[in-house]
Amino acid sequence: MGVYNVHERLLAAKASEVGALVDTLSAGDADRLWPGRVWESMEFDRPLSVGAVGGHGPVRYTVAAYVPGTWVRFTFTGPRGFHGFHEFAVLPVDAERTVLRHTLAMSTSGLARITWPLAWRPVHDACLEDSLDLAEQACTGTVARPARWSPYVRFLLALERLAS
């Protein structure tokens with residue numbers, strides 16, 4: 001099963017400001033892009049750089065490419081059945097506006113063919129929208145239309161808490 005999933009936000013900010021957010025990924029309390037206070041924290045075995053190994057929760061990956069302030073790509077190593085990558089890209093529109101885009105491109109195999117659409121995708125989508133809210137807040141001081149979790153996402157997260 002092929003998966004192509006894109007989340008993006010047009011931000012009223014310079015590309016350098018948005019790129020600075022990407023550069024904070026996995027920086028613990030200084031991470032200004034990943035919603036680690038609500039979702040499992042993004043962690044790596046070293047600072048963000050090509051070859052860094054880590055992930056968030058059961059989602060594991062390696063930094064495959066990194067252009068500071070511009071782009072980072074992570075290649076999946078887990079969960080089983082995820083074959084592909086996800087990435088953040090900083091795309092300047094003009095001097096004062098920038099698109100922050102997250103792309104996930106992968107194929108699934110085995111049980112992931114079922115778990116991606118039923119569980120992983122809704123939770124992934126909610127997490128990424130929370131991340132884009134953080135970016136908008138950091139760049140503009142406000143969030144015009146905050147993301148809201150669906151009842152189904154709340155249900156999945158409650159199930160996860162019960163299983164932990």
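Visitor: Which cysteine sulfur is closest to the sulfur of C139?
Guide: This is a predicted model, in which local features need pLDDT of at least 70 and side-chain atom pairs count only at pLDDT 80 or more, while totals for chains, interfaces and linings use all residues. Residues are numbered from 1 along each chain as its sequence is written, and side-chain values use heavy atoms, leaving out hydrogens and water. At 18 Å, too far for a bond, the closest cysteine sulfur to that of C139 is in C127.

Visitor: How many disulfides does the structure hold?
Guide: A disulfide is a covalent bond between the sulfur atoms of two cysteines, assigned here to a pair of cysteine sulfur atoms within 2.5 Å. The sulfur of C127 has its closest cysteine sulfur, that of C139, 18 Å away, so the separation is too far for a bond. The number of disulfides in the structure is 0.

Visitor: Is C127 buried or exposed?
Guide: Buried means under 20% relative accessible area, exposed means over 50%, and partly exposed lies in between (1.4 Å probe, protein chains only). C139, at 15% relative accessibility, counts as buried. With a relative accessible area of 5%, C127 is likewise buried.

Visitor: Which residue of β6 is the bridge partner of W71?
Guide: Strands (E, at least two residues) and helices (H or I, at least four) are DSSP runs numbered from the N terminus, and two strands pair if DSSP finds at least two bridges between them. Strand β4 (residues 59–67) pairs with β5 (residues 71–78) in the antiparallel sense over 7 bridges, and there W71 of β5 is the bridge partner of V67. Strand β6 (residues 82–94) runs antiparallel to β5 and is joined to β5 by 5 bridges. In β6, the partner of W71 is A89.

Visitor: Which residue in the turn between β5 and β6 has a positive phi?
Guide: The β4–β5 hairpin has 3 residues between its strands, with G69 in the turn at a positive phi of about 75 degrees. The β5–β6 hairpin also has 3 residues between its strands, and the turn residue with a positive phi, about 95 degrees, is G81.

Visitor: Which helix supplies the largest share of the nonpolar patch?
Guide: L111, I114, L118, Y152, F155, L159 and L162 make a nonpolar surface patch of about 760 Å². Helices α2 (112–140) and α3 (151–163) each supply at least two of its residues. L159 lies in α3 and counts as partly exposed because its relative accessibility is 40%. The largest share, 4 residues, comes from α3.

Visitor: What criteria apply to patches, and what probe is used for accessible areas?
Guide: Patch residues have over 30% relative accessible area and no salt bridge; like charges are joined within 9 Å and nonpolar side chains (Val, Leu, Ile, Met, Phe, Trp, Tyr) within 5 Å. A salt bridge is a side-chain nitrogen of Lys or Arg within 4 Å of a carboxyl oxygen of Asp or Glu. For residues, only the protein chains shown count as cover, and the Shrake-Rupley areas use a probe of 1.4 Å.
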